[in-house]
Amino acid sequence: MDPFSTLLDLRTGALDPQRKVTERRLADLDGLFAAPVEDPQRLAYRVLEIPAPADNSNLLSSTTILEPGRVGDEYLMTKGHFHATRERAEIYVTLAGDGRLLMATEDGRTHVEAMAPGTVNYVPGWWAHRSVNVGDEPLVFFAVYPGDAGYDYGTIEEQGFPSLIVAGPDGPAVVPNPRYRGT
Ligand code: PAN
Ligand code: ZN
């Protein structure tokens with residue numbers, strides 16, 4: 001393939017040219033939140049991808065724009081996933097907003113990192129990852145990952161994350177997930 005460039009707007013995360021776009025509405029996040037979803041058509045997040053061949057010789061990259069808001073006491077968040085090729089790592093660079101990167105291993109360990117403009121989060125292989133918007137503005141981050149990382153959403157759909165990030169009286173709080181079904 002030939003080299004190419006894309007313009008990344010460092011404030012909004014917009015890509016020019018914009019190629020593949022994935023939209024997730026609350027209806028697509030069915031069962032993610034403990035409380036019922038009242039507005040299923042509401043946009044939760046968009047992923048704008050810079051396509052490349054999905055193999056280990058290439059790097060994929062994308063912007064995620066995660067809207068602010070809550071369902072019950074849980075903040076809007078991404079579905080979250082392990083990489084289908086478990087050992088594949090990833091880098092997140094936050095451009096805007098206030099977030100938390102919730103990570104978990106298959107044996108139930110949790111790790112939370114802050115996401116703020118300029119934060120570079122390193123997600124090692126074997127760690128499931130979910131971003132959570134704890135602020136009042138869109139949370140925008142740019143991600144880079146190996147082309148063959150892939151997505152395993154099923155494990156998280158079945159088991160959930162061991163911990164949740166909820167709105168507490170003093171702001172965002174990490175609490176055990178009572179619905180966690182992992183080991
Ligand atoms: C990110 C995520 C993106 C959306 O690009 O795919 O933030 O989150 P979900 O895929 O969990 O819905 C990434 O981690 N790619 O590997
Ligand atoms: Zn990932």
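In the predicted model, T105 lies in the loop between strand 9 and strand 10 (110-115), strands being DSSP runs of E with at least two residues, numbered from the N terminus. T105 is buried, at a relative accessible area of 8%, where buried denotes under 20% relative accessible area with a 1.4 Å probe and protein chains only. Leaving out residues up to four places away in sequence, T105 touches F82, W126 and W127, contact being defined as heavy atoms within 4.5 Å.

H129, located in strand 12, is likewise counted as buried because its relative accessibility is 1%. The side chain of H129 forms polar contacts with the side chains of H81 (2.9 Å) and E90 (3.1 Å), a polar contact being a pair of N or O atoms within 3.5 Å, of which, within protein, one must be able to donate a hydrogen and the other to accept it, while residues adjacent in sequence count only if both atoms are side-chain atoms. Among the residues that H129 touches, beyond those up to four places away in sequence, are also Y92, L101, M103 and F161.

Residues are numbered from 1 along each chain as its sequence is written, and chains are lettered from A and ligands numbered from 1 in the order in which they are written. Local features require pLDDT of at least 70 and side-chain atom pairs pLDDT 80 or more, whereas totals for chains, interfaces and linings use all residues, and side-chain values use heavy atoms, with hydrogens and water left out.

Terms used
Helices (H or I, at least four residues) and strands (E, at least two) are DSSP runs, numbered from the N terminus. Buried means under 20% relative accessible area, exposed over 50%, partly exposed in between (1.4 Å probe, protein chains only).
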